[in-house]
Amino acid sequence: MSQLYEIKLRIEAKIQADKLDANEVKGKIGLRAGKLLAFISADTPDDPATVTKLKQAAKDVLNLAL
Amino acid sequence: MQWNSIRTKVLAALLACLTVGVGGILALMHYSFERNSQALAAESITGAQKLFSILETREISKMTAVGDTLAMNPQVRDAFAAKDRARLLDLTAPLYPQLKSEGITNWMFHTPEPDMVVFLRLHNSPKFGDALNRFFDKQVARTHAMVTGNELAKAGFAVRIIQPFYDAQGVVTGYVEMGEELGQFIHTMKSQTGSDYGLLLNKKFMDRQFWADSSKVWKRRDNWDDNPGFVVADKTSASDSIFRFQGNLATVPEQGEVLERFQDGDSVFVRGIFPVRDAAGNTVGAMFVVRDISSFYLAMRRTQRVLVLLTIVALALGTIAVLTLLTRLIFRRLDHIVVVATRVVGGDYKSEIHVSSDDEVGQFEQLFEQFRRVFVDVLEHVPELQQK
């Protein structure tokens, strides 16, 4: 399982736990990271730059430290 | 609040307009007040000059009438022709108190030229025999016609007439002179106009000791040292500060001069000065005019406050209206586009942008909705997403 996919799962878990609007939150994170979360799957290859951007976006939007 | 938002910029622009508007009103009101107070001061000077001239003419007419009446009285005429001082005093002394109550404080008979001395002073009968050698005396001796005008004596300033006195044969037997203190004019002027006046006399034409002596006689404070070039002979206000003058009386222009506006306590005054000349044409004094413009000043301040308040209210309402319009026409619709775009990226492909108008933002909404449809169509054809 790639690191990107792991981050995606953590984000979805947080959304579910906080009962947030999934489309809105994923949209904000996707726009900040420059990556559609829908495109990230278990076998998506890790790209260090994208991983960093996605972590920062999750921190900014959800205050989620990854 | 975001400092770089359009809302903040518009608000800043409107606040700048408010500041400029209020500043403009204050400047305009100040300018208007300056102009009007100058005009009021100029008007006061002109009015005072006219009134002074009218009073001079009126008093000269009065004294001329008295002189003519005396000249027609054979007993007075004969007593003067005979140079019978005691008889002349008996005949005229009963008239003096009445004339004095009418303002004629000086009354003299002069012998004819060449010696031309004071034969009788009704206002100071023990004193006689002195020669005055004034412009008046020389002029009337030269022309044998009545001379009128202002004369600054050692201790005071008076409007005077001097006219020849003839015997039954038409020979000049001497002259009769009457005078009124100009200082009393200013009280009449104050009662008619409400302004305050001060009569300033040039020290150059006065005698220091005589002024000190006359101050004792009239029980007034000896104010000789109050000002370097002039003395305040009389004034209608108890305040000395409103008659401050640093200039030179000799250089005051004929039409008068508006001086600076000043405040004394809660009152605001405009001041002016015009020259007073003697019969020989010398500027021997000046009349100070002080007009209280407090009511005008207060009215201006009230108008200023109302205008400032109205400007603030108008611009505040304008600001609210502009921001409401911007919010409805632009900001809210842009927010909607941002929300839809975000949701689409988040996976909600059914969110749509509703085109609410065909204005500039509406055209952008339409363009973005078309772009969203293309984007969603692309996503729907991505194999990775189709598998999910």
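This is a predicted model: local features need pLDDT of at least 70, side-chain atom pairs count only at pLDDT 80 or more; totals for chains, interfaces and linings use all residues.

Trainee: In what order do the five strands of the open sheet in chain B lie?

Mentor: As a general idea, strands of a sheet pair through backbone hydrogen bonds, in either a parallel or an antiparallel manner. In chain B, the five strands follow the order β2-β1-β5-β4-β3, and their pairing is antiparallel. Strands β2 (118-121) and β3 (147-152) of chain B stand at the edges; each has a single partner strand, so one side of each is left without a neighbour in the sheet. From one strand to the next, the twist averages 25°.

Trainee: How many bridges join β1 of chain B to β2(B)?

Mentor: Strand β1 (residues 104-110) of chain B is joined to β2(B) by three bridges, and the two run antiparallel. Residue H110(B) stands opposite V118(B), which belongs to β2(B).

Trainee: Which strands of chain B does helix α1 touch?

Mentor: Helix α1 (residues 6-71) of chain B packs on the sheet and touches β1, β3, β4 (157-166) and β5 (172-181) of that chain. The direction of α1 makes about 25° with that of β4(B). Another helix, α6 (residues 183-193) of chain B, lies across β4 and β5 of chain B and runs at about 45° to β5(B).

Trainee: Which residues of the largest nonpolar core touch the most other members?

Mentor: That core has 44 residues, and those touching the most other members are W107(B), F109(B), M178(B), M189(B) and M287(B). Its largest share, nine residues, comes from α1(B). Leaving aside neighbours within four places in sequence, M178(B) is in contact with residues including M63(B), L70(B), W107(B) and I161(B).

Trainee: At what angle do the axes of α1(B) and α8 of chain B cross?

Mentor: The axes of α1(B) and helix α8 (residues 294-345) of chain B come within 10 Å and cross at roughly 160°. Since angles over 145 degrees count as roughly antiparallel, α1(B) is roughly antiparallel to α8(B). The crossing of α1(B) and α8(B) is right-handed.

Methods:
Residues are numbered from 1 along each chain as its sequence is written. Chains are lettered from A and ligands numbered from 1 in the order in which they are written. Side-chain values use heavy atoms; hydrogens and water are left out. Two strands pair if DSSP finds at least two bridges between them. Helices (H or I, at least four residues) and strands (E, at least two) are DSSP runs, numbered from the N terminus. Axes are lines fitted to C-alpha atoms, for helices over the stretch in contact, and angles run from 0 to 180 degrees between N-to-C directions. Contact means heavy atoms within 4.5 Å. A nonpolar core is a set of buried Ala, Val, Leu, Ile, Met, Phe, Trp, Tyr and Cys residues joined through side-chain atoms within 4.5 Å. Buried means under 20% relative accessible area, exposed over 50%, partly exposed in between (1.4 Å probe, protein chains only). Angles under 35 degrees count as roughly parallel, over 145 as roughly antiparallel, 65 to 115 as roughly perpendicular and the rest as oblique. A crossing is left-handed if the near helix is turned anticlockwise from the far one by less than a right angle, and right-handed if clockwise.
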